[in-house]
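Open the structure in your viewer and keep the selection tool at hand. The tour goes from one selection to the next.

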Amino acid sequence: MLGDIATLVLQGTMISAVYALIAIGFTMIFGVGGTLNLAHGALIMSGAYVFGVLAQGAHPAVAFPITILVVALLSWGLYQILVRWVEENVVITFLATVIVAVAATEVILIRFGSSPLGMTLVSGAVNLEPYGINARPRIVQFVGFVISWVAIGLLWYYITKTDDGRSILAASMSERGAQLTGVDLHSVRSKTWLIAGALAGAAGIILGSTGGATPLMWLNPLALAFMIVVIGGIGSIKGSVVAAYVIGFLEQFTVTFVGHGFRGILSLVVLVVFLLFMPQGLYGREFAHD
Amino acid sequence: MISTILLLGTVCSTVTGRLGRVAGTLRRQVLWPVGRTLERLLAPIDRVLDPVADGYNRSLGPYFGEMSGLQFGVIAVSVAGLLTAGYWAPMVGPLLGGGLLRTLALASIWAIFAMSWDIQSGYTGYISFGHSALSGAAGYTTALLIVHVDPTLSIWVTGSVSVLAALVVGLLIALPTLRLEGPYFSLITFVAVLLFYRLTTAFSSLGGIPGFGQPDVFTWDPMLRYYYMAIPMLLIALALTFMARSNLGMILIAIRENEPAVSAAGLNPTKFKLWSFMLSSVPMGIGGVLLVGFTGNVDPSTFVVVDNSIEMIAIAVIGGMSSILGPLGGAFLFEVLNHQVLHGYSTPVRYLFLWLIVLFVLVFARDGLFRAIWHRLGAVRGESE
Amino acid sequence: MSVLEVDNLTKTFGGLVAVDDFSLEVDEGEIVGLIGPNGSGKSTVFNCIMGLYDVTDGEIRFNGVDITSDSTHQIVAKGLSRVSQESNPIDLYSVSENIRLFTLPNSIRSLHGGASDEEIREYAARIDIEDKLHEMPSELPHADVRRLEIAKSLATEPELMLLDEPFAGMNQAEIGELAAQIERFREDGMTMVVVDHNMGGLMELVDRVVVLNNGDFLAAGTPAEIAADDAVQEAYLAGEGLQ
């Protein structure tokens, strides 16, 4: 029992950091442009596959930054080529992005087939049984935890301490206000997509090297990102981190004590409760008019 | 670093801009002349058919929408074509790779799904990504009844219970979510269908990944099978068109365009949204029952998987959202392309091609192909537009 | 007898107090002007009355019935209607269809109910746009779009109409015309509350003026009294001046 709780805390802490990483890009794009990017999961998936391919030939330390760059460019390209032409219509935008996601699945099926692609970021596992924790977390899980927090920290610094980043924050608070103070909305949005892509790339590498890459792996991260964003509050990075921990622990709790099949059900209940009683989320802004 | 990329972006968007100009030239130099020639050819037919259409417009027009002569002609020919397909499809089929009747039967089922999706999502703008959960509920109910209750139950019993199950699941999804703003509604339907999928694959009592093979197909006779699918489809099309051309359709579109204005008109938007969801759930259930009778197997990847929901949406988008008949046409176009025209390619290649068409329609022809054609047909003699 | 009673209405957004303990009574057949500088809370009062905002504190009664926590459509059904500040016709529908939408019964069973073409023409004629019925809203000049908003509101057969800045963006001739039409509504027995931030169009039209400032009741009286009121002058001078 005590061991179970220790496992829960350990696994929950590690997985939640990755969840936060998954959700932040999604919430940033939602916050800045009001765009729901349903291709966010597909970007994460492309991160996993790009890294999987590169890591076959190159050292992970080389493959890692290249992957992040590639996914950032993919995300930015998605915005430039498709989304910016339809973004004024919310419905068309999320239909278009979801179609991009399923199209990405087909591309991967054509190129890699349906069997999982394995990859190694770091190998090895830690045996914690002597410490009363009946789990053997792999080192890559720790690395994922560290990468996630480093990425979140860098983003935090960028958004709050640099002028460039502050323009993103301003645009997410009030587009009109930002425009009045001379912020170029189009370039802010482009930058947001670029950054969100980089974060998705990092998340993809972690997910790929912990569980392998599969053509349908875009679905769960997307669902997670959505739940986290609703619970945390749209556009709030702090909210996303807190909500990621809420969801991460809820999932670990159900898996440990209820059963694997129920994973996600509890999160859905929490999600519905939030939508009905606290639609602005934990750290969302209350919208005031006039 | 970022500025270099932004520079690249400017270059890229100039290219896109130029592409836009090329498309413009293409439209002026090629499409318009072709359109004008077609108009000149079709105008006399329109004139000839006008008296017939007028008769229709006076009697049934107020209930199903008014049509021009040519539009009436196209509808009449299409309905006749669908009703006689059992006889001509086996002859034409070999030219398109064979099995045409099977494709048309499948297209009928997808037409039901796409039209049902349309009356709810296309009309109200509350886009549901979870509609496959409704047909899935019906399919799984049929399977569970046959497996656990009585394998000899009549289709009328299993069918009605299954449609009821679709309605119940529809209410379960709609009641807590329809008060939410559009994007939240969409995302929660998305999460709901993912969870439903996870449940069906994780629990062996729900058949797990292989699902249930016990339900029987309606018939092995391809012609009969086609009519089992096509007749309900046409009846549903008739019913939904009737609904869509009534006050209800007007209110649902107003909800999509301007929900506060609907409240200001003294109409309760939540009530109408809920009603549209119920109106959508029932034919979704019927479609689910038909799909069981078509495949004889109920499993997560035939029924629940989110790709199914996306395929319905894609069909509706290609045909033209919020028109009921657009999605119907879209279903036949989509399935014929998928199973006949492209049948030599592997499944992912076919779908990739189809998704790209959908993207193209979303960006360049938002109203959908069939709606665009319909409006051109209505205006061959230049009355409107 | 009071048609509309607003008692001690308070509305806050987070920490911001938009309307503070505001009361208003409107008698049958009256035209009341509700004025105040920009941001003084006039539109918030309307939004609270129409059920668009949850009221923080206070009570709103219509014909003696508490409507504080009703939804918009219920309030409209009781006979209150609002012409909002923004024009938002449905661009896909013609002028006549836009009006028809406002006559449809709130029932899922009524598939072909609603006003006849003749009745729609009458609603439009009351505000003089009956010759524009078949045009699309996007083809109309600004003043006609504003009239369409009023026609839609009339189509719900209100007893009391709330008009939110009806004269905004109109020229002097159009303002005169609209004021005359509003005068005619009164003769037909309609009660009205008109919001505006300046007194210009209101002076001859209204029986009584209530002034809001920073969400607070400031003054009330006949238009002449208000024009001479020092406190009102001061509030406006702090803002933009009484025009």
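In what order do the six strands of the open sheet in chain C stand? This is a predicted model, in which local features need pLDDT of at least 70 and side-chain atom pairs count only at pLDDT 80 or more, while totals for chains, interfaces and linings use all residues. Residues are numbered from 1 along each chain as its sequence is written, and chains are lettered from A and ligands numbered from 1 in the order in which they are written.

Select chain C: the order is β6-β7-β8-β3-β9-β10, with mixed pairing. Strands are DSSP runs of E of at least two residues, and helices are runs of H or I of at least four, numbered from the N terminus. Two strands pair if DSSP finds at least two bridges between them. β6 (80-83) and β10 (216-221) of chain C each have a single partner strand, so one side of each lacks a neighbour in the sheet.

Next, select residues 160-164 and 191-196 of chain C: these strands, β7 and β8, pair in the parallel sense over five bridges. D164(C) has V195(C) in β8(C) as its bridge partner.

Now show chains A and B. Their contact (C-beta atoms, placed from the backbone, within 7 Å) takes 39 residues from chain A and 42 residues from chain B. On the side of chain A, α4(A) gives the largest share, 14 residues.

Finally, select α4(A) with α14 (347-364) of chain B. Among the α4(A) residues that meet α14(B) are I92(A), I99(A) and E106(A); on the α14(B) side, they include P348(B) and W355(B).

How values were computed:
Two residues are in contact if their C-beta atoms, placed from the backbone, lie within 7 Å. Axes are lines fitted to C-alpha atoms, for helices over the stretch in contact, and angles run from 0 to 180 degrees between N-to-C directions.
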